[in-house]
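Good morning, everyone. Please look at the screen.

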Amino acid sequence: MAGKGVGTRLSALFLVVLLVVSIGMMEVQVAEGRMCKTPSGKFKGYCVSSTNCKNVCRTEGFPTGSCDFHVASRKCYCYKPCP
């Protein structure tokens, strides 16, 4: 009967360590996932297609872009990982 209690304690300790490691990894992923948003300098007109916006942003040196609402219209915004 004493052996059963030790196994349960080891299992509980393992789960606590696994939980702590998982939480630590989630914080790193959130920090790495922040993106900085900048209005496109080259995109002209009302932004309808995010694909077109993304292509224009790539010519400006950004990895991606999308059409987002700004006040009462949609504009092209370029995104890059924040420093």
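Let's start with a term. A polar contact is a pair of N or O atoms within 3.5 Å; within protein, one must be able to donate a hydrogen and the other to accept it, and residues adjacent in sequence count only if both atoms are side-chain atoms. Here is a case: the side chain of Ser 40 reaches the backbone nitrogen of Lys 42 at 3.3 Å.

Some ground rules. This is a predicted model, where local features need pLDDT of at least 70, side-chain atom pairs count only at pLDDT 80 or more, and totals for chains, interfaces and linings use all residues. Residues are numbered from 1 along each chain as its sequence is written, and side-chain values use heavy atoms, with hydrogens and water left out.

Now confidence. pLDDT is the predictor's confidence in each residue, from 0 to 100. The protein's mean is 78, and 65% of its residues reach 70 or more. Helices (H or I, at least four residues) and strands (E, at least two) are DSSP runs, numbered from the N terminus. Helix 1, residues 2-32, has the lowest mean pLDDT of the elements, 53. Helix 2 has the highest, 96. Over residues 17-31, pLDDT stays under 50.

Where is Ser 40? It sits in the loop between strand 1 (35-39) and helix 2 (50-59). Is Ser 40 buried or exposed? Buried means under 20% relative accessible area, exposed over 50%, partly exposed in between (1.4 Å probe, protein chains only). Ser 40 has 14%, so it is buried. Beyond its neighbours within four places, its contacts include Val 56, Cys 57, Cys 76 and Cys 78.

Those cysteines bring us to disulfides. A disulfide is a covalent bond between the sulfur atoms of two cysteines. Here the rule is a pair of cysteine sulfur atoms within 2.5 Å. The count comes to 4.

Take Cys 47 and Cys 67, with sulfur atoms 1.9 Å apart. Cys 47 is in the loop between strand 1 and helix 2, and Cys 67 is in strand 2, residues 64-70. The S-S torsion is about -65 degrees, so this disulfide is left-handed.

Next, Cys 53 and Cys 76, at 2.0 Å. Cys 53 lies in helix 2 and Cys 76 in strand 3, residues 73-81. Their torsion is about 85 degrees, so this one is right-handed.

Then Cys 57 and Cys 78, S to S 2.1 Å. This pair ties helix 2 to strand 3, 21 residues apart in sequence.

Last, the pattern. Counting bonded cysteines along the chain, it reads 1-8, 2-5, 3-6, 4-7.

Conventions
Contact = heavy atoms within 4.5 Å.
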